[in-house]
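Dear colleague,

Please find the sequence and structure below, followed by an account of what was found.

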Protein chains: 2
Amino acid sequence: MSSQPHVVILGTGFGGIGAVRKLRDADVQITIIDKRDYHTFQPLLYQVATDELGPEDIGFPVRDLLHGHTNIEFHQATASGIDLAHKTVEVEGLGPVLYDYLVIALGAVVNFFHTPGADQSAFPLYTMDDAIRLKKHILETFEAVDKNPALIDDGALNFCVVGGGATGVEFSGALAELLRAELKEDYPNLPVEKAQVILYERSPHLLAPFEAKLQSYAQQALEERGVQVHTGVGVSKVDPASIELSSGETVKTHTLVWAAGLQANPIVNSLGVPLGHGGRIPVGPDLQVKDHPGVFAIGDIAAMTDGETGKVLPGLGATALQAGRHIGETIASLVAGKAAEPFKYLDKGTMAQVGRGAAVVELPTGGTLTGRVAWLAWLGVHLALLNGSEEKTSTFVEWGWNLLTHKRGKRIILSDEEAAGHDNPDP
Amino acid sequence: MSSQPHVVILGTGFGGIGAVRKLRDADVQITIIDKRDYHTFQPLLYQVATDELGPEDIGFPVRDLLHGHTNIEFHQATASGIDLAHKTVEVEGLGPVLYDYLVIALGAVVNFFHTPGADQSAFPLYTMDDAIRLKKHILETFEAVDKNPALIDDGALNFCVVGGGATGVEFSGALAELLRAELKEDYPNLPVEKAQVILYERSPHLLAPFEAKLQSYAQQALEERGVQVHTGVGVSKVDPASIELSSGETVKTHTLVWAAGLQANPIVNSLGVPLGHGGRIPVGPDLQVKDHPGVFAIGDIAAMTDGETGKVLPGLGATALQAGRHIGETIASLVAGKAAEPFKYLDKGTMAQVGRGAAVVELPTGGTLTGRVAWLAWLGVHLALLNGSEEKTSTFVEWGWNLLTHKRGKRIILSDEEAAGHDNPDP
């Protein structure tokens, strides 16, 4: 170990990546820990679930961050606990790792709010594994119905989604387009028009943080694409072949996509600090954990507020990326003997895609956009977010090609049966 | 069911696809059965195993063949037996399927030749699942060694390959390049130069069907890339952390890639006909199964000979594709009341890639090519084989990009844990 301060970064989402990029030229030693060896470009996860993009189009190798830098290590491993008193992180397979500065950026996990059956039968959509599993399930459902059309009466082609936030809205719109175009062509002998996308949102409106006219536009655009939208209705029970609604009604379905809530990564329970809403870690204006200087929490695992206005910040990739960059700069300042600055969030707008050529955008100036102009803005912002030249190029090529030709990816089911009986030692 | 003759095509490899393309405009009803919903472009499988291409770059949806054609059905299902007497195929989940004409194009499975431990611990490389599993294993091995460098002394970085045919040679060359370039950059803290690719071939020469000077060139080109080549040596036992050679020597390794042999898909045992070498189905000059007019066998499952010269045909994608087209035309002729013609194989040459910028080509005229010219020929032929415009474009873009930039794909480990406890009904 060198005598440089040791910065441990837990998580390679937008927050962790932003911090590494700002820190790696500073006079520090960096250790990055994540259980996956790739960064997931989460805003486009629903496009993997609906087979518009392949998993490798939105998964970028963490080890690329190391090229040309000798002061960074990455270990693909799971952090299982944090001991703030002894300044160590317990990492499976590595043991305790000592830190001088710690960045907790491990994101969230799904929150089923104790809904009976949800953890067995619902499909969350937050991680790459979730998206791959959901895509496989949708395609496998069609193959099963192809062999046994009686499954249609059993609800196999009712695709239900709960949660009318950006994830639920974007997924529903994209799935409706997949059904009406590609799957209809792929299954000429099936009554694909009987397939339904049904979106439930417990509150009275979709896209809660958006202005009323954008909420109405989104609902109308979804309905034009064939999505049934039910607001004021939640899901109270999930069974393998049906769901129960908060209204008491039962709906036959083999697919409930859970886009209704997140909670902080459970590692927060090892911290021994008071937690906020959804188990999130409260942080000060400079994103440091109270009473623990040098420990930062950012992104979906943290309850971040704007350092100037005190407003709660939205749970977006762009927010986490800005926060990551800020603490990267902060740690570099602290190491150089300077003081930490408060984090000022630069609102670049909020947006959601409802379908091809349809999006809603709330501009930072207070204005709004809808329709094709909004969609082009959405496209531009996401391409800009995909920074780093390699990522930009390959995804851009694939994506641009799909958009121009109105073609999707592959709609193939890649199984991944682990070699049964393979008894190689570790690994 | 219509009164058109019913053609059942088992398998969507080069043979099955070739047959469908020639038949779908004829006055027949076609049913395609395959347990996967995609065609695998097998000549580039080793590039998936070494992460030069993603699985979706060489997997093409079978259902694309249906678009615009009302006389084709596809079912993703496993054919478990063929009853030649009753002209039916037993299909799991569908029951017996009656045929008027049958195309058996189900390919091969790995042949371990009863080598002890091989079925538990060796990695075959014949299917897409094989390639994905092998790639994951290689990347996971590096992650494990990164956390525990002592595994190097246990042989974790010895990558052994048995079988010096095209698959073994192409995989070894590509893996050596992956180790020396990308993985060295990805693991700056590991002694990646200690990683070895060791290729064993039981016969005295690599690439048995090629001319001697091409065999020597291939061996030299592999050795220049750092591959240890051992000819005259086979593998006689496989353990999880070592292999035993035919010489009696033991070599520590966690990875033995099995490229040493194939046998016909075991469905051949249900036919009740005498079988040839490796269980292959003997066929006549017109590719019909003896005494069973209207039943054709092609590709790796068949012992095909040239209808003119009687020479045994090479087990190549190009051979299967030509054979598939021929029987597509033959069935169309038979339906129209014409006679079957013998299959005349058009030799377009044989080739193997040893590494970037290095290949060997045996021209149909008897000449040979090596080095960069051979490699460009290899590239051109494979791009031409990737016919069908969509396939050509997307793989071409990805591939061209990688070749021009000397960049690989992603080197990321996409896990695919099935949702534990997911108890949805079928599916």
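**Helix packing and domain arrangement**

In chain A, the axes of helix H1 (residues 14–23) and helix H7 (residues 317–335) come within 7 Å and cross at roughly 35 degrees. Helices (H or I, at least four residues) and strands (E, at least two) are DSSP runs, numbered from the N terminus. Axes are lines fitted to C-alpha atoms, for helices over the stretch in contact, and angles run from 0 to 180 degrees between N-to-C directions.

This is a predicted model, in which local features need pLDDT of at least 70 and side-chain atom pairs count only at pLDDT 80 or more, while totals for chains, interfaces and linings use all residues. Residues are numbered from 1 along each chain as its sequence is written, and chains are lettered from A and ligands numbered from 1 in the order in which they are written.

Among the residues that make the contact are Phe14(A), Ile17(A) and Arg21(A) of H1(A), and Leu321(A), Gly324(A) and Glu329(A) of H7(A). Two residues are in contact if their C-beta atoms, placed from the backbone, lie within 7 Å. The residues of this H1(A)–H7(A) contact divide into 10 nonpolar, six polar and four charged. Ala, Val, Leu, Ile, Met, Phe, Trp, Tyr, Cys and Pro count as nonpolar, Asp, Glu, Lys and Arg as charged, and the others, Gly among them, as polar.

Chain A is divided into domain 1 (6–110 + 263–335) and domain 2 (112–260), with bounds from an automatic or database domain assignment. Taken over C-alpha atoms, the centres of the two domains of chain A are separated by 31 Å. In chain A, 14 residues of domain 1 are in contact with 18 residues of domain 2. On the side of domain 1 of chain A that touches domain 2, H2(A) gives the most, with five residues.

Yours sincerely
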